[in-house]
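Hi there,

Here is the structure I promised to pass on to you. Have a look at it first, and then read my notes below.

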Amino acid sequence: MRGLGWVLGLLALVLGLEASLWSLEAGLSPRPLPPKAACHPGPLPTRAELYTDGVVELPLCRAATLELLLEGTLAQGVGPYALLAEGERVLWQGEVRGRVWVRVRVLGQGLLVLAFVNDLYQPPEDRNLFLRDLKVASP
């Protein structure tokens, strides 16, 4: 009888561990947000400074045309690589050298972000991205 109790205890432990791992995997799996759920209206920043890789959220939850004045500082001859996306849709991407106006049309469906993805700091060089101005026009 003693051996049977030990086997049953070990079986319960293995089954419990397997159920725990399955629950953990299911709980931590990324799930995309519905496009409308991600956008929360708020004040739009007209200026932003990105000294390291990161994003600036632009909470514009309506269809419009955006004009952004971006400025980049070079490091090793390369400017900051910027990306403007709405939800899963990339609206614009490219290297920013000096000052650049970017004009895009947004649908107001999803989180709108400006991302800086290739930071480099090797003194005296420092690659940075700046949002200098933001204008919104009706579609």
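Strands here are DSSP runs of E with at least two residues, and helices are runs of H or I with at least four, both numbered from the N terminus. Please keep in mind that this is a predicted model, where local features need pLDDT of at least 70 and side-chain atom pairs count only at pLDDT 80 or more, while totals for chains, interfaces and linings use all residues. Residues are numbered from 1 along each chain as its sequence is written, and side-chain values use heavy atoms, with hydrogens and water left out.

Let me start with the loops. Pro124 sits in the loop between strand S8 (120-122) and S9, and the peptide bond leading from Pro123 to Pro124 is cis, with omega near 10°. In the loop between S3 and S4 you will find Gln76; its phi is near 55°, a positive value in a residue other than glycine.

Next, the sheet. Two strands count as paired if DSSP finds at least two bridges between them. Four strands make an open, antiparallel sheet, in the order S2-S7-S4-S5. Strand S2 (54-57) and strand S5 (89-95) are at the edges with a single partner strand each, so one side of each has no neighbour in the sheet. S2 pairs with strand S7 (residues 112-116) over four bridges, in the antiparallel sense, and Val56 has Leu114 in S7 as its bridge partner.

Now the interior. A nonpolar core is a set of buried Ala, Val, Leu, Ile, Met, Phe, Trp, Tyr and Cys residues joined through side-chain atoms within 4.5 Å; buried means under 20% relative accessible area, exposed over 50%, and partly exposed in between (1.4 Å probe, protein chains only). The largest such core has 22 residues, and Leu70 is among those with the most contacts inside it. Its largest share, four residues, comes from S3. Counting contact as heavy atoms within 4.5 Å, and leaving aside neighbours within four places in sequence, Leu70 meets residues including Trp92, Leu114 and Phe130.

Finally, what about Glu86: is this residue buried or exposed? Glu86, found in strand S4, is buried, with a relative accessible area of 3%. A polar contact is a pair of N or O atoms within 3.5 Å; within protein, one must be able to donate a hydrogen and the other to accept it, and residues adjacent in sequence count only if both atoms are side-chain atoms. The Glu86 side chain makes one with the side chain of Arg89 (2.7 Å), and reaches the backbone nitrogen of Leu107 at 3.1 Å.

Best wishes
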